[in-house]
Amino acid sequence: MRILNLLLSPIKGLLNFINTYFKSMIFVLIVVLIILSGSSTNRANLMEISLNGAITDEKDLLSQIELAKDPAIKGVLININSPGGDMSSSVAISDAIKSLNELKPVLAYASGTMTSGGYYAAIGANEIYANRGSFIGSIGVILQAPNIEKLADKIGISSQVVKAGEYKESGTYTRKWSQSERDELQRLVDKSYELFTTDVANARNLDINQASIWANARIFLASEALDLGLIDKISTYDEAKSRLKELSQVEIEMWYEAPVIERFMSGIAKQSSNLIINSLNQKNILWQW
């Protein structure tokens, strides 16, 4: 027993040290990170906002755009690598970028994929640049839901519904949609598509009568998108940053960086949110740009 205690004593000592001082060390670390983060961002005059992955919630992007309205920030780069996602969130982000662009230069850059709602977000910017290997477009709307009626019959599950309003059950996945329900959902999709194409045409000075060429949900390589007028230039990331500096008329560029703790917590929150939303989307009707 003595030998065992002797062998375990270093471990016990380490555990006692952690138990006694760990919280204090974490607190000191947090204070240091806050001080260091704050000192590096006070003089920022340019800001980059990233739009990555599926668009499922606009709150985080809108808060960053609100922060970018600070008069000290002279220009904003929206770095986009997104296939699109939720309709209302995409519209909200696009409108917010357009409003920001009325205050200062905003340049959107396609670093990978800028399609559907991701492209919708970009059209509010002053200019749109793109990596030469990026995918652009997919201007279209889709509404889809599974039909599990046959599966439910096999396992003995039936649906019970009490409703008011002829179309309240439109989009259900427990049975095949009636023709009137399908027609109503198609009407919504068509109106959404009209909204999308009209906004793109107005923002990019495109002929709405030629929408079948640039807005039939096709995905274009950057060079094709340039020929169609969907983007302004093919460039590298550094070239896009240089162009924003030029538009913003800053002599010495100082890029804003969010505090370390804020970036860390934001990443955890976003990953958790995406897991929950993706799980729900697998079970319910899904709108997509």
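These legends describe close-up views of a predicted model.

**Figure 1. Overview of the chain.** The secondary structure comes to 10 helices and 9 strands. The chain has 289 residues, and buried residues make up 35% of them. Among contacts with a separation of 6 or more, 75% link residues 24 or more positions apart.

Figure 2. Strand β4 covers residues 127–130. Glu127 and Tyr129 point one way from the strand. Ile128 and Ala130 point the other way. All four of these β4 residues are buried. In a regular strand the side chains alternate between the two faces of the sheet.

**Figure 3. The strands paired with β4.** Strand β3 (residues 106–115) is joined to β4 by 4 bridges, and the two run parallel. The chain goes from β3 to β4 by way of helix α4 (residues 117–122), and this β-α-β crossover is right-handed. Strand β8 (residues 233–234) also runs parallel to β4, joined by 2 bridges. Tyr109 stands opposite Tyr129. Lys233 in β8 stands opposite Tyr129 as well.

Figure 4. Glu127 sits in strand β4. Is this residue buried or exposed? Its relative accessible area is 14%, under the 20% limit, so Glu127 is buried. The side chain of Glu127 makes a polar contact with the side chain of Tyr129, at 3.3 Å. Beyond four places in sequence, Glu127 touches Val106, Leu107 and Ala108, along with Asp232, Arg243 and Leu247. The C-alpha atoms of Glu127 and Ala108 are separated by 6.3 Å. Along the chain, these two residues are 19 residues apart.

Figure 5. Helix α9 spans residues 237–248. At 1.5 Å a residue, its 12 residues should span 16 Å. The end C-alpha atoms are 17 Å apart, which agrees. The buried residues of α9 are Ala240, Lys241, Arg243, Leu244 and Ser248. They cover an arc of only 160° around the axis, so they lie on the same side of α9. An α-helix has 3.6 residues a turn, so residues three or four places apart point the same way. The face turned away from the buried side carries Asp238 and Glu246, both exposed. What do the buried residues pack against? Their partners are β1 (46–52), β2 (75–82), β3 and β4. Gln249 follows α9, with a positive phi near 60°.

**Figure 6. Ser89 in helix α3.** Helix α3 (residues 87–101) holds Ser89. With a relative accessible area of 2%, Ser89 is buried. Its side chain makes a polar contact with the side chain of Glu58, at 2.9 Å. Leaving aside neighbours within four places in sequence, Ser89 is in contact with Ile55, Thr56, Asp57 and Glu58.

**Figure 7. Gln64 in helix α2.** Gln64 belongs to helix α2 (residues 59–67). Not counting residues up to four places away in sequence, Gln64 touches Met47 and Ile49. The C-alpha atoms of Gln64 and Glu48 are separated by 9.4 Å. Gln64 and Glu48 are 16 residues apart along the chain.

**Figure 8. Positive phi at Asn205.** Asn205 is not a glycine, yet its phi is positive, about 55°. Where does Asn205 lie? The residue is in the loop between α6 (179–204) and α7 (211–214). Its relative accessible area is 71%, over the 50% limit, so Asn205 is exposed.

**Figure 9. Positive phi at Ala217.** Ala217 is a residue other than glycine with a positive phi, near 70°. The loop between α7 and β7 (219–221) contains Ala217. With a relative accessible area of 40%, Ala217 is partly exposed. That value falls between the 20% and 50% limits, which means that Ala217 counts as neither buried nor exposed.

Methods: Residues numbered from 1 in each chain as written. Predicted model: local features only at pLDDT ≥ 70, side-chain atom pairs only at ≥ 80, totals over all residues. Heavy atoms only, no water. Buried < 20%, exposed > 50% of the residue type's maximum accessible area, 1.4 Å probe, protein only. Pairing = 2+ DSSP bridges. Right-handed = clockwise from strand over helix to strand, strands pointing away. Expected span 1.5 Å × (residues − 1). Arc of directions from axis to C-beta. Contact = heavy atoms within 4.5 Å. Polar contact = N/O pair within 3.5 Å; in protein donor to acceptor, adjacent residues only side chain to side chain.
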